[in-house]
Amino acid sequence: MDLNTLALFALKEFLLSLTPGPAVMLVIGLSIRQGFRFGFMATLGILSTNAVFFTLSALGIGGLIVASATLFTLIKWVGAAYLVYLGVGMIMPLVKTLWHKRTFGDGLDLLKARADAPKVQQSAVKSFWQGLNLQASNPKNILFFVAILPQFVSPEGNFATQLVILGIVSVLLELPVLAFYGFASALAARLMNERVIEWIEAVGGGILIALGGALAASQHRSG
């Protein structure tokens with residue numbers, strides 16, 4: 001693998017990391033609602049899944065998944081359902097607030113109802129698994145490692161060594177990008193009131209639901 005190929009892979013990986021896809025939306029949503037630590041744990045889960053995909057690609061298993069229309073479709077529907085599930089969860093705080101507003105009005109009764117409402121506690125481990133499951137249940141990620149990754153591997157070099165190098169580069173690029181999204185979101189949340197946070201979180205949830213719908217409607221192409 002020459003340096004030009006490695007640089008091209010790094011550029012593509014960096015641009016893909018910046019794209020506000022499901023992984024980015026999850027990190028932003030958790031960081032705004034729960035804090036940076038929880039968004040970072042989701043980031044670790046996302047990158048752990050990527051490491052598994054690198055391994056599957058090296059073993060040739062990823063290609064078998066893509067070649068199987070039934071298995072690929074099953075993963076697609078599971079992934080779409082999980083995106084919708086996460087999106088609904090992000091929208092619910094705003095829905096509950098609007099329902100309380102309609103029920104109690106804008107006075108002290110509304111404030112008391114929100115103060116007395118039980119707080120949903122998010123554990124760091126749960127955040128990690130959310131990131132891992134989100135990344136694992138999207139078949140488009142498998143397609144990347146099967147269809148795009150081999151383009152950067154030289155047939156003349158050691159296949160496993162090249163994948164390790166690409167994997168390290170991928171993590172070194174994607175980790176700080178996702179961490180930045182999480183840190184910026186958590187910092188911005190300190191400057192916002194609860195209502196603004198709920199609206200931003202709901203918008204992110206709506207995007208996840210839309211992405212889930214797009215994933216469900218996408219067509220499988222084995223090549």
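## Helix α9 and Ser170

Ser170 lies in helix α9, which spans residues 159-189; helices (H or I, at least four residues) are DSSP runs, numbered from the N terminus. The model is predicted: local features need pLDDT of at least 70, side-chain atom pairs count only at pLDDT 80 or more, and totals for chains, interfaces and linings use all residues. Residues are numbered from 1 along each chain as its sequence is written, and side-chain values use heavy atoms, with hydrogens and water left out.

Ser170 counts as buried because its relative accessible area is 2%, where buried means under 20%, exposed over 50% and partly exposed in between (1.4 Å probe, protein chains only). Its contacts, defined by heavy atoms within 4.5 Å, are with Phe9, Glu13 and Phe54 once neighbours within four places in sequence are set aside.

## Ala7 in helix α1

Ala7 belongs to helix α1 (residues 3-18). Ala7 is partly exposed because its relative accessibility is 48%. The C-alpha atoms of Ala7 and Val169 are 9.7 Å apart, although 162 residues separate the two along the chain.

## The crossing of α2 and α9

Helix α2 (residues 22-33) and α9 have axes that come within 8 Å and cross at roughly 35 degrees. Such axes are lines fitted to C-alpha atoms, for helices over the stretch in contact, with angles running from 0 to 180 degrees between N-to-C directions. From α2, the contact is made by Val24, Val27, Ile28, Ser31 and Ile32; from α9, by Leu178, Tyr181, Gly182, Ser185, Ala186 and Ala189. By class, eight of the residues in this contact are nonpolar, three are polar and none is charged. Here Ala, Val, Leu, Ile, Met, Phe, Trp, Tyr, Cys and Pro count as nonpolar, Asp, Glu, Lys and Arg as charged, and the others, Gly among them, as polar.

## Nonpolar cores

The largest nonpolar core has eleven residues: Ala23, Val24, Val27, Ile28, Ile32, Ile46, Val177, Leu178, Tyr181, Ala189 and Ile197. A core of this kind is a set of buried Ala, Val, Leu, Ile, Met, Phe, Trp, Tyr and Cys residues joined through side-chain atoms within 4.5 Å. Both α2 and α9 supply at least two residues of this core, and α2 gives the most, with five.

Ile32 touches Ser185, Ala189, Ile197 and Ile200, not counting residues up to four places away in sequence. Another core, of ten residues, lies apart from the largest one and includes Ala42, Tyr82, Leu83 and Met90.
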